[in-house]
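Please open the structure in your viewer and keep the selection tool at hand.

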Amino acid sequence: MSNNNKKEAFLYLVMGGLTTLVNIVAFYCLDEYTTIELAVSATIANILAIIFAYFSNKLWVFERIEKDTKGTVKEIFLF
């Protein structure tokens with residue numbers, strides 16, 4: 001395994017952990033500080049975590065920066 005692959009794997013694990021943390025914190029805040037139903041809070045927390053995962057992996061793990069808006073939108077939906 002090359003150094004670049006090791007770095008990528010390590011960053012992927014770190015971002016996965018941070019994504020989990022985003023999900024937990026978002027759910028906790030929505031559940032504790034709002035009157036939103038439990039299922040809706042969980043759904044919103046999952047959506048926020050997925051968005052975080054997309055951008056963190058794109059920017060820091062795989063270091064891909066799209067300059068084409070159409071390509072970025074397509075990539076988001078494929079993710």
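Which residues form a nonpolar patch on the surface? Select I47, I51, F55, L59, W60, I65, V73, I76 and F77, which together have about 920 Å² of accessible area (Shrake-Rupley method, 1.4 Å probe, only the protein chains shown counting as cover). Patch residues have over 30% relative accessible area and no salt bridge, and nonpolar side chains are joined within 5 Å; a salt bridge is a side-chain nitrogen of Lys or Arg within 4 Å of a carboxyl oxygen of Asp or Glu.

This is a predicted model, in which local features need pLDDT of at least 70 and side-chain atom pairs count only at pLDDT 80 or more, while totals for chains, interfaces and linings use all residues. Residues are numbered from 1 along each chain, and side-chain values use heavy atoms, without hydrogens and water.

Next, colour α2 (38-61) and α3 (69-78), each of which supplies at least two residues of the patch; helices are DSSP runs (H or I, at least four residues) numbered from the N terminus. The largest contribution, five residues, comes from α2. In α3, select F77, which is exposed at 69% relative accessible area (exposed is over 50%, buried under 20%, partly exposed in between; 1.4 Å probe, protein chains only).

Turn now to α1, where L11, M15, T19, A26 and L30 are buried. The cover over the buried residues of α1 includes α2.

Finally, select the two aromatic pairs (ring centres within 6.5 Å; planes under 30 degrees apart are stacked, over 60 edge-to-face, the rest tilted; for Trp, the six-membered ring is used). Y28 and Y33 are edge-to-face, 6.2 Å centre to centre with 85° between the planes. Y54 and F55 are also edge-to-face, at 4.8 Å and 80°; Y54 is buried at 6%, whereas F55 is partly exposed at 36%.

Conventions
Patches are made of residues with over 30% relative accessible area and no salt bridge: like charges are joined within 9 Å, nonpolar side chains (Val, Leu, Ile, Met, Phe, Trp, Tyr) within 5 Å. Contact means heavy atoms within 4.5 Å.
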